[in-house]
Amino acid sequence: MRSRTLILWLAAALAPCACAQNFSGIRPSPIQTAWQDLEIGVLIHFGPNTFMDREWGDGKADPGIFNPRQLDAEQWVKAAQAAGAKYLVMVAKHHDGFCLWPSRHTDYSVKSSPWREGKGDLVKEVSEACRKHGLKFGIYLSPWDRHEPAYRDNQAYDKYYTAQVSELATRYGEIVEFWLDGAGSEGHVYDFERYLETLRTYQPNALVFADVGFLPWGDIRWVGNEAGFAFEENWNVIDRHGYLRWRPAEADTPLRERHWFWHPNDEKSLKPLEHLLETYHKTVGRGAQLVLGLAPDDRGLLPESDVARLKEFGDAVRRIYGHNLARAAGAGGTAAAALDGDPDTFWSAPAGSHRAVIEVAFPKPVSFDRAVTMEWLNAGQRVHRYRIEAFSDGGWKTLYSSTTIGHKKIDRFPRTAARRVRLNILMAAAAPHIREFQLCDGEAGGTAQRSPRPAARQRP
Ligand code: FUL
């Protein structure tokens with residue numbers, strides 16, 4: 001009996017145990033915070049599906065149909081940049097198994113297509129365009145493969161997938177994010193330890209995105225929907241099967257309603273500017289990463305209407321958030337490093353404090369309808385509850401009240417004119433660290449205009 005108690009005690013003491021972890025003590029890696037600073041990315045779907053009016057290919061498409069005659073990866077990159085994207089994730093292989101690079105391990109790839117007479121390498125072209133224009137580059141390699149015969153044999157497929165990870169991780173320079181998509185993989189057992197050992201050997205700084213099915217392997221978590229929103233209360237630390245870990249959320253949503261690949265005669269699906277701005281507020285504005293799905297057409301170009309919409313979106317974000325009133329002439333405050341418009345500096349409340357107030361004062365009333373707050377996360381996510389308040393009629397009135405701040409929080413409220421405004425942090429796990437407290441006016445430079453109806457492009 002005694003030895004049984006001893007064994008149980010030893011087992012409990014030696015087992016990796018979530019109870020030894022402290023939620024507010026979990027910190028991100030510097031690679032994760034640098035990634036969170038990117039805020040917006042794009043995810044490019046292109047392949048045989050583009051030529052077949054399909055979302056999910058069955059792996060039987062003839063490579064002969066892949067022949068984009070005007071493909072220009074720089075056009076994709078420039079359009080993404082105009083939208084404010086800082087990174088691009090390329091779908092190198094979707095569920096149909098067709099590889100957009102000339103893999104040595106299969107013939108089901110660009111090398112069997114007429115495109116560039118079978119000598120093309122789309123992953124190379126896109127990665128080079130990204131580097132040329134200063135975008136970070138990431139790769140999506142679908143585990144589910146509907147073409148590869150080895151898929152039916154777990155071990156043979158592990159060898160195949162690992163070999164492809166190795167090719168992609170060694171040929172195309174630095175990978176910022178590696179996307180693991182769980183769709184279609186139900187019931188299949190993969191050797192992810194092996195895949196990620198290979199990835200980390202050659203790309204130690206790559207962060208792995210993993211959705212529900214692959215949760216234990218992700219450094220970044222799926223936000224849980226493809227509609228483009230995060231919950232307002234958004235914590236970066238989540239329980240990963242009994243083990244707490246920093247896993248920021250990424251919200252992927254296509255630029256065209258429900259379509260990741262291009263489809264002919266589909267102009268109505270292009271999301272209007274208002275929709276995209278709402279998505280921005282509910283993702284980036286709630287501390288999550290926004291990844292917009294872009295789909296080049298059968299020419300190999302992003303449709304002109306998509307390019308225009310992306311620019312419209314980027315311009316609107318720059319117009320609304322590019323002017324921080326807290327930096328306006330004569331503004332002063334109690335926490336200079338949080339009010340300097342520079343997210344590389346941060347203000348810290350005194351050590352040991354669990355609440356704090358940052359006040360901005362203006363020489364005369366200014367009008368604003370939103371606040372942008374950023375927490376310095378390197379020491380953990382700390383703020384639990386806060387209010388944005390304005391001084392009027394002799395007292396502080398609440399404009400907005402909420403829970404988490406995280407990487408970035410955008411709070412919108414009725415347009416207000418005030419001389420004194422404050423961020424009142426009511427509860428924090430430890431001394432709050434604030435990178436930025438900004439005030440902006442959505443009406444500055446004109447309100448968002450309605451998107452004009454795009455001109456339809458017919459299939460040739
Ligand atoms: C999903 C896939 O099934 C879609 O085709 C698309 O690739 C999207 C980003 O992820 O799970």
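This is a predicted model: local features need pLDDT of at least 70, side-chain atom pairs count only at pLDDT 80 or more; totals for chains, interfaces and linings use all residues.
The domain assignment divides the protein chain into domain 1, residues 23-321, and domain 2, residues 325-440. The C-alpha centres of domain 1 and domain 2 are 35 Å apart. Contact between the domains involves 23 residues of domain 1 and 24 residues of domain 2.

The size of an interface is often expressed as the accessible area lost when the parts come together. Between domain 1 and domain 2 the buried area is about 2,000 Å², and carbon and sulfur atoms give 49% of that area. Of the area that domain 1 buries against domain 2, Glu232, Trp235 and Tyr321 supply 27%, more than any other three residues.

On the side of domain 1 that touches domain 2, helix 2 (30-36), helix 7 (273-282) and helix 8 (304-321) each supply at least two residues. Helix 7 gives the largest share of that side, 3 residues. The rule finds 4 salt bridges across the interface of domain 1 and domain 2. A salt bridge also joins Arg435 and Asp37, with the closest N and O atoms 3.0 Å apart.

## Helix 5

Helix 5 covers residues 154-171 and so has 18 residues. From its first C-alpha to its last, helix 5 reaches 26 Å, close to the 26 Å expected at 1.5 Å a residue.

The N-terminal end of helix 5 is capped by Asp153, which places a side-chain oxygen 3.1 Å from the backbone nitrogen of Gln155. Just after helix 5, Gly173 takes a positive phi of about 75°.

The buried residues of helix 5 are Tyr157, Asp158, Tyr160, Tyr161, Thr162, Gln164, Val165, Glu167, Leu168 and Ala169. An α-helix has 3.6 residues a turn, so residues three or four places apart point the same way.

## Residues with positive phi

Most residues other than glycine have a negative phi. Arg258 has a positive phi near 60° and is not a glycine. Arg258 is found in the loop between strand 9 (249-254) and helix 7. Asp393, also not a glycine, has a positive phi of about 50°. The place of Asp393 is the loop between strand 14 (383-392) and strand 15 (395-402).

Are these two residues buried or exposed? Arg258 counts as exposed because its relative accessibility is 66%, and the cut-off for exposed is over 50%. Asp393 is exposed as well, with a relative accessible area of 78%.

## Buried loop residues

| Residue | Loop | Relative accessibility |
|---|---|---|
| Arg256 | between strand 9 and helix 7 | 5% |
| Pro303 | between strand 10 (289-294) and helix 8 | 4% |
| Arg299 | between strand 10 and helix 8 | 14% |

Arg256 counts as buried because its relative accessibility is 5%, and the cut-off for buried is under 20%. The side chains of Arg256 and Asp306 are joined by a polar contact of 2.6 Å. Leaving aside neighbours within four places in sequence, Arg256 is in contact with Asp266, Glu267, Ser269, Leu270, Lys271, Pro303, Ser305 and Asp306.

Which residues does Pro303 touch, not counting residues up to four places away in sequence? They are Arg256, Trp262, Ala295 and Asp297. Pro303 and Thr373 are 70 residues apart along the chain, and their C-alpha atoms are separated by 35 Å.

Arg299 is buried at 14% relative accessibility. The side chain of Arg299 makes a polar contact of 3.2 Å with the side chain of Glu304.

Definitions and conventions: Residues are numbered from 1 along each chain as its sequence is written. Side-chain values use heavy atoms; hydrogens and water are left out. The expected span of a helix is 1.5 Å times one less than its number of residues. Buried means under 20% relative accessible area, exposed over 50%, partly exposed in between (1.4 Å probe, protein chains only). A polar contact is a pair of N or O atoms within 3.5 Å; within protein, one must be able to donate a hydrogen and the other to accept it, and residues adjacent in sequence count only if both atoms are side-chain atoms. Domain bounds come from an automatic or database domain assignment. Contact means heavy atoms within 4.5 Å. Buried area is the accessible area (1.4 Å probe) that two parts lose on being put together, summed over both. A salt bridge is a side-chain nitrogen of Lys or Arg within 4 Å of a carboxyl oxygen of Asp or Glu.
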